[in-house]
Amino acid sequence: MSDCLFCKIIAGEIPSKKIYEDEDVFAFYDISPQAPIHFLVIPKKHIPHVMDLKNEDSILMGKMLFQAQKIAKELGLEPNGARFVFNCKESACQTVWHIHLHVLGGRDFGWPPG
Ligand code: 5GP
Ligand code: ZN
């Protein structure tokens with residue numbers, strides 16, 4: 001999608017600190033980290049948010065989650081763990097409307113979230 005920030009990052013039109021890329025998935029560090037480690041995992045397919053997911057996206061979402069946990073381990077977030085978050089639409093403060101999985105780690109988190 002031409003006016004989407006994350007589509008532009010995937011295309012290399014906006015620079016990012018890339019961690020991982022394959023034919024379906026792209027991962028990069030968040031520009032405004034909320035933890036010592038904070039990266040985003042996104043599909044190359046433009047999907048605005050979680051509520052837009054179709055049955056046909058199930059394998060893609062599985063690939064995203066698999067790569068997210070693999071990267072998390074490679075960055076040392078095992079054995080302590082990490083937070084894996086999808087913000088969805090206005091009530092959850094989603095700011096970039098291209099679905100993305102936040103992975104935050106390297107510190108402890110509270111629950112419930114604010
Ligand atoms: P949301 O609030 O939509 O769940 O998360 C969007 C995330 O994208 C935020 O954590 C924000 O810091 C990150 N972000 C926004 N613009 C950029 C950018 O240009 N580059 C990178 N790497 N991250 C960005
Ligand atoms: Zn997009």
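In what follows, Ala, Val, Leu, Ile, Met, Phe, Trp, Tyr, Cys and Pro count as nonpolar, Asp, Glu, Lys and Arg count as charged, and the others, Gly among them, count as polar. With that convention, the shell of residues around ligand 1 contains nine nonpolar residues, six polar ones and one charged one. Please keep in mind throughout that the model before you is predicted.

Let me stay with the ligand. Sixteen is the size of the shell: of these 16 residues, the ones that come nearest to ligand 1 are Asp30, Asn87, Thr95, His100 and His102. Which elements give two or more residues to the shell around ligand 1?

A polar backbone atom of Tyr29 is 2.9 Å from a nitrogen atom of ligand 1. For Ile31, a backbone N or O atom lies 3.3 Å from a nitrogen atom of the ligand. As for cover, ligand 1 on its own has 520 Å² of accessible area, and the protein covers 83% of it.

I return now to the elements. Helix H1 (5-11) and strand E2 (25-29) are the ones that give two or more residues to the shell around ligand 1. Of these, H1 provides the largest share of the shell, with three residues.

Next, the pockets. Where does ligand 1 sit? The ligand is placed in the largest pocket of the model. That pocket holds about 710 Å³ of space. Its lining comprises 31 residues, and those nearest the centre of the pocket are Asp30, Ser32, His38, Leu40 and His102.

By class, the lining of the largest pocket divides into 16 nonpolar, 11 polar and four charged residues.

The second largest pocket has a volume of about 160 Å³. Its lining consists of Gly76, Leu77, Asn80, Gly81, Ala82, Arg83, Gly106, Arg107, Asp108 and Phe109. Three of these residues are nonpolar, four are polar and three are charged.

Finally, some remarks on the backbone. Most residues other than glycine have a negative phi, and most peptide bonds are trans. Which bonds in this model are cis? One joins Glu78 and Pro79, with omega of about 10°. Pro79 is found in the loop between helix H2 (58-74) and E4. Another cis peptide bond runs from Trp111 to Pro112, where omega is near 5°. Pro112 belongs to the segment after E5. Lys89, although not a glycine, has a positive phi of about 65°. This lysine, Lys89, is located in the loop between E4 and E5.

Definitions and conventions:
Residues numbered from 1 in each chain as written. Chains lettered and ligands numbered in written order. Predicted model: local features only at pLDDT ≥ 70, side-chain atom pairs only at ≥ 80, totals over all residues. Heavy atoms only, no water. Near = heavy atom within 4 Å. Polar contact = N/O pair within 3.5 Å; in protein donor to acceptor, adjacent residues only side chain to side chain. Areas by Shrake-Rupley, 256 points an atom, 1.4 Å probe, with all protein chains shown as cover. 1 Å grid on protein atoms, 1.4 Å probe; cavity = no way out; pocket = protein on both sides within 12 Å on 5 of 7 lines; lining within 4 Å. Sits in = over half its atoms within 2 Å of the grid points. Helix = DSSP H or I, 4+ residues; strand = E, 2+ residues; numbered from the N terminus. Points joined across faces, edges and corners; volume = space filled by probe spheres on them.
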